[in-house]
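Open the model in your viewer and keep the selection panel at hand.

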Amino acid sequence: MRDGRTREGLLKVLVIRGRNLSIRDLRSSDPYVVVSWRNKRVKTKVIKKNVNPEWNEDLTLCVHDPSINIKLEVFDKDTFTPDDPMGNVEIDIQPLVEAGRADLGTLLDNDIIRIVSPDSTNCLVGESKIYIYNEKVVQDMILRLRDVECGEVELRLEWVNARRN
């Protein structure tokens, strides 16, 4: 970047849980989550026969341009056929990245830096708070899945700036 700051960083995604996910098998689903940025993909483990899965799984992506949205997709694992889609969202990480790069001065744990409200451009179920947690800048969110009849995914995001030598 021209201002001397790198745009690259790590996006840490804690995939906490899914709620009321759609049924894709006979009575349930075997869901897993894929988080991607451009051609980089990471995924959670499969939770068998559960439409309210608890993953509590950390995923990390190296992001070179945070202005490009992160994609989250939920799938139902199938054995003999292609996995069934169970919804998707795009996540704008710009507010989190901006907060992570700001001079936070004397902010303490649980101090709120910014609140992102639901609108027509995001899939937020409610307000998403960006705040200090264990001396890190994090963002909690619950996202309503698109292209599916029902389902939500709860996440915690953390942006880690790349170090310059």
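Buried means under 20% relative accessible area, exposed means over 50%, and partly exposed lies in between, with a 1.4 Å probe and protein chains only. Helices (H or I, at least four residues) and strands (E, at least two) are DSSP runs, numbered from the N terminus. This is a predicted model: local features need pLDDT of at least 70, side-chain atom pairs count only at pLDDT 80 or more, and totals for chains, interfaces and linings use all residues. Residues are numbered from 1 along each chain as its sequence is written, and side-chain values use heavy atoms, with hydrogens and water left out.

**Stop 1: strand β5**

Select residues 70-76. This is strand β5, and 6 of its 7 residues are buried, so the rest of the structure largely encloses it.

Two strands pair if DSSP finds at least two bridges between them. Select residues 31-37 for strand β2, which runs antiparallel to β5 and is joined to it by 6 bridges. Pick Ser36: its bridge partner in β5 is Lys71.

Next, select residues 84-91. This is strand β6, again antiparallel to β5, with 6 bridges between them. Pick Ile70 and look across to β6, where its bridge partner is Ile91.

**Stop 2: the whole chain**

Zoom out and colour by secondary structure. The chain has 1 helix and 10 strands. Read from the N terminus, the order is β-β-β-β-β-β-α-β-β-β-β. The radius of gyration (over C-alpha atoms) is 17 Å, close to the 15 Å from the globule rule (2.2 Å times the number of residues to the power 0.38) for 165 residues, so the chain is as compact as a globular protein of that length.

Buried residues are 41% of the 165 in the chain. Count contacts (heavy atoms within 4.5 Å) with a separation of 6 or more: 57% of them join residues 24 or more positions apart.

**Stop 3: the largest pocket**

A pocket is an open set of points on a 1 Å grid over the protein atoms alone, with protein on both sides within 12 Å along at least five of seven lines; lining residues have an atom within 4 Å of a point. The largest pocket holds about 210 Å³ of space. Select Gly100, Glu158, Trp159, Val160 and Asn161, the closest to its centre of the 10 lining residues. Then show β9 (136-144) and β10 (152-161), the elements that each give two or more residues to this lining. Which element gives the most? β10 does, with 4 residues.

Key: 1 Å grid on protein atoms, 1.4 Å probe; cavity = no way out; pocket = protein on both sides within 12 Å on 5 of 7 lines; lining within 4 Å. Points joined across faces, edges and corners; volume = space filled by probe spheres on them.
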